Amino acid sequence: MVTCSGSVAVLCFTFITVTLAGPSYEGCKVLEVSPTAAAGKLIRVGCGDQTVIVDLLEGGSYSSVKIIGENRRSLLTVDYFKDSNDMFIVIDGEQFDVKDEETKGKEAAKFRQLLEDPDFEFFPEAVRIIHDELQLKGWESPAAMFLYRIGIAAENYHVQMKKRSSMSLKKRLFFGDRDSVDPKTYDYHGPNPKKKCTYNGWSDPSMDHLIEDECHGVCGQMCTSCWKWVCNDCCMHTGCLRHDLFCDEGGYMGADCVSCRGVLWDTQTPMPYDC
């Protein structure tokens, strides 16, 4: 397991306690946001009569996302050390070094098990509520970026593999349906976009081409849902495009697509945190 020494000046922790027991995607909302030590935030999200608690501290050269389920069971931990550019992922008690290619397949299998776990089932909806209402800036915060990308990947997995009717976002099942395009996407693409791209983002001068290409590179669920607060817009971005290409090349059950490795870490170039 990774331990943090006293040499780490400022720590950035995200603790997530998931206590949801059954499907409840209706009526989720942020119930409470309160400050904690080191300029952090304690966020409580309610979905029906269930809750998700997020304890978020920002800043420094170390970032961590920890997801804790029922009975204090540690489901997922991401430890990122900015200075050394190292990342370690702990899935249900088993640690993986993202730079170790020999363990990539095993990591993907463990993450796939996690995505099927009832304690993790509601995680994407909780993350989406945090994204929409609190608007944490992913491009400024490694922890928020990791949180968003894991949420998007988990949501996409359930859409693709489970075909959940209650989750209407259908990335790669979209097939160019204009009625399903997120209206915000039109603001950033086409011959005369209303808004400009930021943080190294770029637009497609043709909405027809973008829709035909299933909005590759736009952070979110295909064309149907743009997660604006990942990179500050609905343009195409390098990090989101990489993951889409990983899924195209290796399939949705492939190691890079299904695991945090393809979501948070580029296995071809060491770029864990970018737009």
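Which residues is lysine 110 in contact with, leaving aside its neighbours within four places in sequence? They are Ile91, Asp92, Glu94 and Phe96, where contact means heavy atoms within 4.5 Å. The structure is a predicted model, in which local features need pLDDT of at least 70 and side-chain atom pairs count only at pLDDT 80 or more, while totals for chains, interfaces and linings use all residues. Residues are numbered from 1 along each chain as its sequence is written, and side-chain values use heavy atoms, with hydrogens and water left out.

**The chain as a whole**

- The chain contains 9 helices and 10 strands; helices (H or I, at least four residues) and strands (E, at least two) are DSSP runs, numbered from the N terminus.
- Of its 275 residues, 54% count as buried. Buried means under 20% relative accessible area, exposed means over 50%, and partly exposed lies in between (1.4 Å probe, protein chains only).
- The accessible surface of the chain is about 11,800 Å², and carbon and sulfur atoms account for 51% of that surface. Such areas come from the Shrake-Rupley method with a 1.4 Å probe; for residues, only the protein chains shown count as cover.
- Among the contacts in the chain with a separation of 6 or more, 60% are between residues 24 or more positions apart.

**Disulfides**

- A disulfide is a covalent bond between the sulfur atoms of two cysteines.
- The structure holds 6 disulfides, each defined as a pair of cysteine sulfur atoms within 2.5 Å.
- One of them joins cysteine 219 to cysteine 240, with the sulfur atoms 1.9 Å apart. This link is right-handed, with 105° about the S-S bond. It connects distant parts of the chain, 21 residues apart: cysteine 219 lies in the loop between α5 (207–212) and β9 (220–221), and cysteine 240 lies in helix α7 (residues 238–250).
- Cysteine 219 counts as buried because its relative accessibility is 4%. Cysteine 240 is likewise buried, because its relative accessible area is 11%.
- Cysteine 226 and cysteine 234 form another disulfide, with an S to S distance of 2.1 Å. The link of cysteine 226 and cysteine 234 is left-handed, with -100° about the S-S bond, and both cysteines are buried.
- Cysteine 231 is joined to cysteine 275, their sulfur atoms being 2.2 Å apart. The link of cysteine 231 and cysteine 275 is left-handed, with -100° about the S-S bond. This pair also links distant parts of the chain, 44 residues apart, since cysteine 231 is in helix α6 (residues 228–231) and cysteine 275 is in the segment after α9 (260–264). Cysteine 231 and cysteine 275 are both buried.

**Helix α7**

- The buried residues of α7 include Cys240, His243 and Phe246.
- Glycine 251 follows α7 and has a positive phi, near 80°.

**Cavities**

- Rolling a probe the size of a water molecule over the atoms shows where empty space is left.
- The count comes to 2 cavities of 30 Å³ or more. On a 1 Å grid over the protein atoms alone, a cavity is a set of points where a 1.4 Å probe fits but cannot get out, and lining residues have an atom within 4 Å of a point. Grid points are joined across faces, edges and corners, and a volume is the space filled by probe spheres set on the points.
- The second largest cavity has a volume of about 60 Å³. Its lining consists of Phe111, Leu115, Ala153, Asn156, Tyr157, His243, Tyr252, Cys257 and Val258.
- At least two residues of that lining come from each of α1 (104–115), α3 (142–162) and α8 (255–258). Helix α3 gives the most, with 3 residues.

**Two lysines**

- Lysine 110 belongs to helix α1. Lysine 110 counts as buried because its relative accessibility is 16%.
- Lysine 137 is in the loop between α2 (123–134) and α3. Lysine 137 is partly exposed, because its relative accessible area is 38%.
- Leaving aside neighbours within four places in sequence, lysine 137 is in contact with Ala144 and Trp229. Lysine 137 and tryptophan 229 are 92 residues apart in sequence, and their C-alpha atoms are 5.5 Å apart in space.

Conventions:
1 Å grid on protein atoms, 1.4 Å probe; cavity = no way out; pocket = protein on both sides within 12 Å on 5 of 7 lines; lining within 4 Å.
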